[in-house]
Amino acid sequence: MPRIPFWAQILLGLVLGVLLGWVARNGDISWLGTALTRTGEIFVQLLKLAVAPLVFFAIMVSITNLRNVHNAARLATRTLLWFMATSLIAVAIGLFIGLITNPGSGTGISAGDAAEPEESVSWLDFLTGIVPTDIITPFTELQVLQIVFMAAVVGVAALKLGEKAAPLLAVGEAVLALLQKALWWIIRLAPIGTIGLIGTAIKDYGWDLIGEYATFTADVYIGCAVVLFGVYPLLLATVAKVNPLQFFRGAWPAIQLAFVSRSSVGTMPLTQKVTERLGVPREYAAFAVPFGSTTKMDGCASVYPAIAAVFIGEFYGVSLGLREYLLIVFVSVIGSAATAGLTGATVMLTLTLSTLGLPLAGVGLLLAIDPVLDMVRTATNVAGQAVIPVLVSARERILDRDKYDRARSIDVDTFDPEPQPTAAAV
């Protein structure tokens with residue numbers, strides 16, 4: 001019997017999810033609705049279960065892997081600069097689309113639908129919240145930025161210690177391999193998780209909600225599509241001088257999984273694997289991809305908050321001027337780490353609104369539609385996390401172009417997420 005490809009399993013999950021969600025909603029079948037909700041919740045919870053240790057060991061190991069990379073400081077700096085440059089382009093696109101479409105006008109919703117978010121973030125909270133008060137709480141409460149901070153400190157300290165830290169690095173690499181293997185088992189459940197997540201969205205909201213937010217939803221999808229299928233291919237063709245279609249052929253499994261799972265961190269092992277298959281040296285990919293999975297968010301931190309800020313400003317009748325637009329750009333480029341690779345972009349949005357002085361209750365207007373938007377946002381995030389290592393590698397002349405040209409979509413059933421030993425330096 002022929003095996004069903006993973007992409008086809010995901011597509012089948014999407015179709016079944018929509019169908020079952022529609023049946024549960026229109027037939028008022030409570031047990032089916034509960035089953036869909038629990039299925040989606042379990043899948044997301046399994047992903048979140050792996051987030052804290054995966055982020056810690058991935059960041060720590062990625063920093064220590066820089067010891068094998070020639071001109072590591074220059075590569076890290078250029079990676080960060082390209083992260084910021086593409087974020088700038090993405091937020092500009094989001095602002096442009098928002099300003100020409102007026103997404104906050106004629107929505108059919110009222111201020112009564114708004115509610116203050118349970119957790120909001122100011123710049124002071126963001127900056128002081130990076131440093132943990134103890135080493136346990138960040139893991140139990142999933143404070144990803146604090147986990148990244150601790151991992152970075154440990155990684156840099158290990159680099160400075162050299163051979164004395166070799167046992168720690170060996171343990172770290174072994175634990176990371178174990179986590180990636182376990183996470184891959186969870187990823188294999190994505191078709192089932194898709195049924196639950198999509199089915200729950202349709203069951204809870206139906207098509208009426210999308211109608212009320214039609215302009216806003218279209219704006220986010222169009223903005224992300226312009227970045228994903230316009231900006232990235234243009235950069236690949238002009239900066240890296242490679243075939244953009246070949247990039248999508250190799251990276252599509254990670255982009256597809258990101259769309260379904262709505263988690264950049266959960267997709268990280270697959271993102272790193274497709275990046276390596278596209279010719280990026282393993283040692284550099286082992287740094288750039290984990291770093292990008294927690295800080296590189298063109299969908300969640302650039303396109304989305306720009307359009308959302310315009311939406312909320314129009315909804316409340318608050319006029320935004322040049323100063324406010326520049327602040328949106330600043331927050332998107334500098335504060336993107338606030339999203340930290342988790343599902344949803346509420347933290348980033350509250351940071352943007354608090355900077356602009358817009359009502360934080362506006363976040364409540366968008367929470368209902370967030371799951372539908374988060375799929376395309378996360379797919380855009382993950383594509384960017386693979387594009388930048390390709391761009392930097394090409395500019396530094398360390399990209400294996402023959403390998404890039406031969407890259408094909410990963411066969412999920414034969415994919416081994418375990419990182420291979422790194423011996424040669426880039």
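Phe287 is a buried residue, its relative accessible area coming to 7% (buried is under 20%, exposed over 50% and partly exposed in between, with a 1.4 Å probe and protein chains only). The model is predicted, so to speak of local features takes a pLDDT of at least 70 and side-chain atom pairs count only at pLDDT 80 or more, while totals for chains, interfaces and linings use all residues. Residues are numbered from 1 along each chain as its sequence is written, and side-chain values use heavy atoms, leaving out hydrogens and water.

Over the whole structure, a search turns up 10 aromatic pairs (rings of Phe, Tyr and Trp, the last by its six-membered ring, with centres within 6.5 Å; planes under 30 degrees apart are stacked, over 60 edge-to-face and the rest tilted). Phe287 and Phe291 make a stacked pair, because their ring centres are 5.4 Å apart and their planes sit at 25°. Both belong to helix H13 (residues 282-295), where being four residues apart puts about one helical turn between them; helices here are DSSP runs of H or I, at least four residues, numbered from the N terminus. Phe291 is partly exposed, at 22% relative accessibility.

Phe315 and Tyr316 pair up edge-to-face, with 5.2 Å from centre to centre and 80° between the planes. Phe315 counts as buried at 19% relative accessibility, whereas Tyr316, at 28%, is partly exposed. Ring pairs also tie Phe315 and Tyr316 into a cluster with Phe216, Tyr304 and Phe311.

Terms used:
Helices (H or I, at least four residues) and strands (E, at least two) are DSSP runs, numbered from the N terminus.
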